[in-house]
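Hello,

Please find the structure below. My notes follow it.

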Amino acid sequence: MTGKSQKVVVLGAGQAGLQTVVSLRQLGHEGEIVLVGDEPEAPYQRPPLSKGYLKGELERERLYLKGEDYYAEHEVSLRLGVSAEAIDTAARTVRLSDGATLDWDALVIATGARARRLDVHGADLDGVLELRTMADIDRLKPHARAGVNVLVVGAGYIGLEAAAALTQMGAKVKVLEAAPQVLGRVAGPEIGQFFLETHRAAGVEIMLNARLSEFVGEGGKLTGARLAEGDIVDCDIALVGVGVVPNMEIAERAGIRCGNGVCVDEQAKTSAESVYAIGDVALRPLTHYRREGRLESVHNAIEGGKIAAAAIMGAPPPPIDVPWFWSDQYALKLQTAGLWTGADESVLRGEPQSGRFAVFYLKEGAVIAVDAVNSPPDFIVGKKLVAAGARVAPGELGDTSISMKEISAKALSPS
Amino acid sequence: MPKITYVDANGEQRTVEAKTGMSVMEAAIKNDVPGIDADCGGACACATCHVYVDEEWLPKLDEQQAMEQSMLDFAENVQSNSRLSCQIKITEELDGMVTTPESQH
């Protein structure tokens with residue numbers, strides 16, 4: 001059977017799953033497509049949840065990635081509010097939670113990740129919330145107002161974005177972080193320090209090296225959190241943003257090779273014939289870093305969808321981009337290209353006090369990542385430098401009298 | 001509702017009805033207009049919604065903010081009528097506007 005008439009079942013109706021469907025149809029796929037999602041919502045964007053949607057600046061309707069007509073027009077069968085329970089790779093079927101069994105010629109696992117739960121006493125109290133889905137934010141919204149005491153557990157992108165949005169709405173926000181810096185998993189110490197100071201200046205109380213020992217409550221309702229040292233922090237609600245866990249159990253049970261995610265090759269193929277994995281759940285080759293990794297980002301979701309669709313159709317693979325990310329907090333836009341892990345040198349470009357600067361990360365002289373704050377040129381050129389594995393003298397990168405255009409021309413010109 | 005016409009890299013035209021308040025990018029994505037990827041969902045963080053706006057309509061658009069200018073300054077194949085479609089808010093005034101998406105990779 002040729003790729004274009006295969007029946008494709010996509011597990012997961014997030015950004016990656018939807019992109020697979022869109023790319024399949026754009027590439028001329030004519031076979032049956034079923035998109036299965038365990039949330040009751042049609043595919044929507046997650047990034048605005050902790051930003052514009054929480055603040056009420058972006059209405060719900062604008063979160064949806066496609067108009068209502070899209071699915072019927074493109075003959076995509078949407079099965080929402082249903083999860084996948086078991087994959088049979090030999091019989092090529094998948095059983096769903098509503099009892100239905102679907103057969104497939106190609107299966108795409110785009111099941112994403114779920115918020116990591118804190119294994120502490122009181123984590124099930126009313127008022128302890130997560131920041132992952134539209135439903136999570138809808139539960140938070142009634143509390144998002146002036147005077148409410150909010151405790152954010154975890155100072156990653158999500159936790160800090162929520163802290164910024166809630167502070168702007170007048171809530172009193174405290175952030176608990178177990179590590180000695182904020183954003184420690186995703187950015188270097190200079191960026192961490194800058195965002196720490198920004199939040200503190202905005203009135204957020206950030207506690208570093210602080211471990212939560214339990215949530216405390218009365219009558220099933222949250223009233224505070226006890227730290228490892230014994231102090232109690234009072235709060236009306238707690239937002240837990242301590243990372244995510246890949247939803248890979250269904251693949252593991254089917255005997256598909258997994259590590260910290262479902263293992264895939266450059267074409268998003270898993271160890272099982274005609275089964276692909278993409279998005280947050282996939283442990284994929286990181287082309288620019290000669291290693292594998294799991295990426296949690298919009299870029300990765302979209303790219304994965306394009307890769308899987310091309311592989312199913314036998315079409316040329318899409319270009320592989322450098323991993324990139326962004327975060328909006330207050331009036332700051334942090335744009336990151338590349339992965340800074342393994343850097344042996346960092347170079348500051350610009351003055352953090354000006355609110356516009358970047359940090360470039362180098363490994364053995366080559367640029368491997370950049371974090372840019374309100375500074376698109378550093379991000380855009382930095383992304384190109386990372387893609388090319390370009391070597392730039394640290395003295396030049398840090399010298400703002402040399403423009404990024406000049407740096408780009410010199411480092412990327414064919415010599 | 002205002003109508004926006006998108007012309008793709010092959011010259012094919014698609015006209016969509018767009019609600020005021022949405023961006024030109026959002027109208028394209030919701031109506032499956034190829035060539036506008038908008039990987040960041042309109043956060044002005046990626047420049048994958050780059051379009052060329054028909055000269056006639058340029059004066060009717062809101063002015064570019066610094067972030068958009070800066071992103072465009074480094075985008076590829078930029079012309080004097082280049083805009084990021086996520087930063088163009090649709091108004092009744094824009095009824096009939098024509099944009100040609102650059103073929104994003």
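**Notes on the model**

Phe215(A) counts as buried because it has 24 C-beta neighbours inside 10 Å (buried: 20 or more other C-beta atoms within 10 Å of its own; exposed: 12 or fewer; partly exposed: in between; C-beta atoms placed from the backbone). This is a predicted model: local features need pLDDT of at least 70, side-chain atom pairs count only at pLDDT 80 or more, and totals for chains, interfaces and linings use all residues. Residues are numbered from 1 along each chain as its sequence is written, while chains are lettered from A and ligands numbered from 1 in the order in which they are written.

Phe215(A) sits in strand 13 (residues 212-218) of chain A. Helices (H or I, at least four residues) and strands (E, at least two) are DSSP runs, numbered from the N terminus. Leaving out residues up to four places away in sequence, Phe215(A) touches several residues, including Val120(A), His121(A), Leu125(A), Leu222(A) and Ala238(A). Contact means C-beta atoms, placed from the backbone, within 7 Å.

**Domains of chain A**

Chain A splits into domain 1 (3-114 + 245-313), domain 2 (117-242) and domain 3 (331-412). The bounds come from an automatic or database domain assignment. The centres of domains 1 and 2 of chain A, taken over C-alpha atoms, are 30 Å apart. Between them, 11 residues of domain 1 contact 14 residues of domain 2. Helix 2 (residues 52-55) of chain A gives the most to the domain 1 side, with three residues.

**The parallel sheet**

Five strands of chain A form an open sheet, order 9-16-10-11-12, with parallel pairing. Strands pair if DSSP finds at least two bridges between them. Strand 9 (128-130) and strand 12 (205-207) of chain A are at the edges with a single partner strand each, so one side of each has no neighbour in the sheet. Three bridges join strand 11 (residues 172-176) of chain A to strand 12 of chain A. Val175(A) stands opposite Ile206(A) in strand 12 of chain A.

Helix 5 (residues 157-168) of chain A lies across strands 10 (149-153), 11 and 16 (237-240) of chain A, at about 165° to strand 11. Axes are lines fitted to C-alpha atoms, for helices over the stretch in contact, with angles from 0 to 180 degrees between N-to-C directions.

**Chain A with chain B**

Here 17 residues of chain B contact 21 residues of chain A. On the chain B side, helix 1 (24-30) and helix 2 (66-73) of chain B each supply at least two residues. Helix 2 of chain B has the largest share, four residues.

Best wishes

Key
Contact = placed C-beta atoms within 7 Å.
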